[in-house]
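Dear colleague,

I am handing over the structure below, and I would ask you to look through it before reading on. My notes on what was found follow directly after it.

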Amino acid sequence: MSAATTRSRTARTPAPDRLCAEAVDLARAAAEEAAAPGVVGEHVGLVSEGDRVVTHFFECGEPGYRGWRWAVTVARASRAKNVTLDETVLLPGSDALLAPEWLPWSERLRPGDMGPGDLLPTEADDLRLEPGYTGEDEPPPNSAVSEVSQEMADLVDAEDAELTTRPATTSRGSIAAVAEELGMRRARVLSRYGLHTAADRWDEGFGAKTPMAQAAPASCVTCAFLVPLAGSLKGAFGVCANEFGPADGHVVSLSYGCGGHSEAAVMPKPPKPAPHALDTMQVDEYPLRPARDSGSVPAEPDAPTEDLGHS
């Protein structure tokens, strides 16, 4: 069993060929020819790639390639004594400095990256969008609107036959025409997923959990500077129109708030605490000498003492 195990390991990882392992100078010359002068370092090891095939590794001194190694593979034919060069490549080691994984531009783009003149194409299957209107564009063939629309279209074609180019027109009774009159002719609109992601993003920036809203005297739902939104988000968001507020021109949650609330000045102020019974803040004045009328000293100086005749 021991011999079988030894033969199995030998078949998987053959011992390095002696002549190929000794061809260090040939491998170094090949690495120096491929690299810039002076960037090929010391020989750090070799690996047997197969029968009479050995790869030599040299340190790389190129700035910015820490941990990389020049790998030069040499080989020789069976029963031949001359070692030949196979390939020379620069490979990263176990502790090599590698560039981060490449990401497409759509995943690297962040808010604020776009500048004047930049275009941001939207994918056809963007989850944030959905068709603005669905169904057939034309009314049923047997409807009265369809007959009138066809007659008008034929008349327009006859009158403008001499024009080579003209803007595309929309039939009077089509769904697109009705949507255009209502101001809703858009090829795509926000999907439910797009609405939810936008709402989460706005609430994170200007929502009830922000420090500004926690310290506000009231929420934006009662502020006169709030411009309500239209559509499905009107019950949760609006636009701040206070030029001195921190969210001026931004979409804010109705539960957001700041110190610039329109009614902050007329809101009832908190009651003041009652004054202390003992005033400990006033300074008491004490004269250096007592007053004349205080009774502690005579008003007039003592008269001269009489001679009592004592010796």
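Helices (H or I, at least four residues) and strands (E, at least two) are DSSP runs, numbered from the N terminus, while contact means heavy atoms within 4.5 Å, and axes are lines fitted to C-alpha atoms, for helices over the stretch in contact, with angles from 0 to 180 degrees between N-to-C directions. This is a predicted model, in which local features need pLDDT of at least 70 and side-chain atom pairs count only at pLDDT 80 or more, whereas totals for chains, interfaces and linings use all residues. Residues are numbered from 1 along each chain as its sequence is written, and side-chain values use heavy atoms, leaving out hydrogens and water.

Helix H3 (residues 24-34) lies across S1, strand S2 (53-60), S3 and S4, and runs at about 115° to S1. These four strands form an open sheet in the order S1-S2-S3-S4 with antiparallel pairing, where two strands pair if DSSP finds at least two bridges between them. Strand S1 (40-50) and strand S4 (84-92) each have a single partner strand, so one side of each is left without a neighbour in the sheet.

Arg 76 and Asp 17 meet through their side chains in a salt bridge (2.9 Å, N to O), that is, a side-chain nitrogen of Lys or Arg within 4 Å of a carboxyl oxygen of Asp or Glu. Arg 76 lies in the loop between S3 and S4 and Asp 17 in the loop between helix H1 (2-12) and helix H2 (18-21), so the pair ties together parts that are 59 residues apart in sequence.

With regards
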